[in-house]
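Please walk through the structure below with attention to its loops, its sheet and the packing of its helices. The paragraphs that follow take these topics in turn.

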Amino acid sequence: MEPTSVFVYLGPTIRGVIQQGTIYVGTYNSVIEQLKPIWQHYPKIPRLIVEDSHVAEVKHKLRDGTTNLYSIAYKELSN
């Protein structure tokens, strides 16, 4: 059984869809399943759902400006 944890959406706010910084509790799979109607239209969203223990690292990668999976997904959702 997958452990329950806290997850945070670190992508851009998409008005009326999802807000940056939204917190979810559950397993990663349950959180992604809960967001299925959203990510079917915005497939990059799951890449930016991050476990709370990795938030600082991912935020650093997003600010860093290098090409990585997080910044690519963020830029695509921003457009």
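Asparagine 68 lies in the loop between H3 and H4, where helices (H or I, at least four residues) and strands (E, at least two) are DSSP runs, numbered from the N terminus. With a relative accessibility of 14%, asparagine 68 counts as buried; buried here means under 20% relative accessible area, exposed means over 50%, and partly exposed lies in between, with a 1.4 Å probe and protein chains only. The model is a predicted one, in which local features need pLDDT of at least 70 and side-chain atom pairs count only at pLDDT 80 or more, while totals for chains, interfaces and linings use all residues. Residues are numbered from 1 along each chain as its sequence is written, and side-chain values use heavy atoms, with hydrogens and water left out.

Helix H3 (residues 55–64) and helix H4 (residues 69–78) meet at an angle of about 65 degrees, and their axes are 8 Å apart; the axes are lines fitted to C-alpha atoms, for helices over the stretch in contact, and angles run from 0 to 180 degrees between N-to-C directions. H3 and H4 are therefore roughly perpendicular to each other, given that angles of 65 to 115 degrees count as roughly perpendicular, those under 35 as roughly parallel, those over 145 as roughly antiparallel and the rest as oblique. The contact (heavy atoms within 4.5 Å) is made by Val58, Lys61 and Leu62 of H3 together with Tyr70, Ser71 and Tyr74 of H4. These contact residues divide into 4 nonpolar, 1 polar and 1 charged, where Ala, Val, Leu, Ile, Met, Phe, Trp, Tyr, Cys and Pro count as nonpolar, Asp, Glu, Lys and Arg as charged, and the others, Gly among them, as polar. Lysine 59 also belongs to helix H3, and with a relative accessible area of 41% lysine 59 is partly exposed. Between lysine 59 and serine 71 there are 9.4 Å in space, C-alpha to C-alpha, the two being 12 residues apart in sequence.

How are the strands arranged in the sheet? There are 3 strands, which form an open sheet in the order S2-S1-S3 with antiparallel pairing; two strands pair if DSSP finds at least two bridges between them. S2 and S3 are the edge strands, each pairing on one side only, and the twist from one strand to the next averages 35 degrees. Of the 5 residues of strand S1 (residues 5–9), 4 are buried, so S1 is largely enclosed by the rest of the structure.

On one side, S1 pairs with strand S2 (residues 23–26) in the antiparallel sense over 4 bridges. Within this pairing, phenylalanine 7 has tyrosine 24 of S2 as its bridge partner, and serine 5 stands opposite glycine 26 of S2. In a regular strand the side chains alternate between the two faces of the sheet. The antiparallel pairing of S1 with strand S3 (residues 49–51) comprises 3 bridges; here valine 8 stands opposite valine 50, and tyrosine 9 stands opposite isoleucine 49.

Threonine 27, in the loop between S2 and helix H1 (28–34), is buried, with a relative accessible area of 16%. Not counting residues up to four places away in sequence, threonine 27 touches Glu2, Pro3, Thr4 and Phe7. Aspartate 52, in the loop between S3 and H3, is partly exposed, its relative accessible area being 41%. Once neighbours within four places in sequence are left aside, aspartate 52 is in contact with Ser5, Val6 and Phe7. Aspartate 52 and tyrosine 9 are 43 residues apart in sequence and 9.8 Å apart in space, C-alpha to C-alpha.
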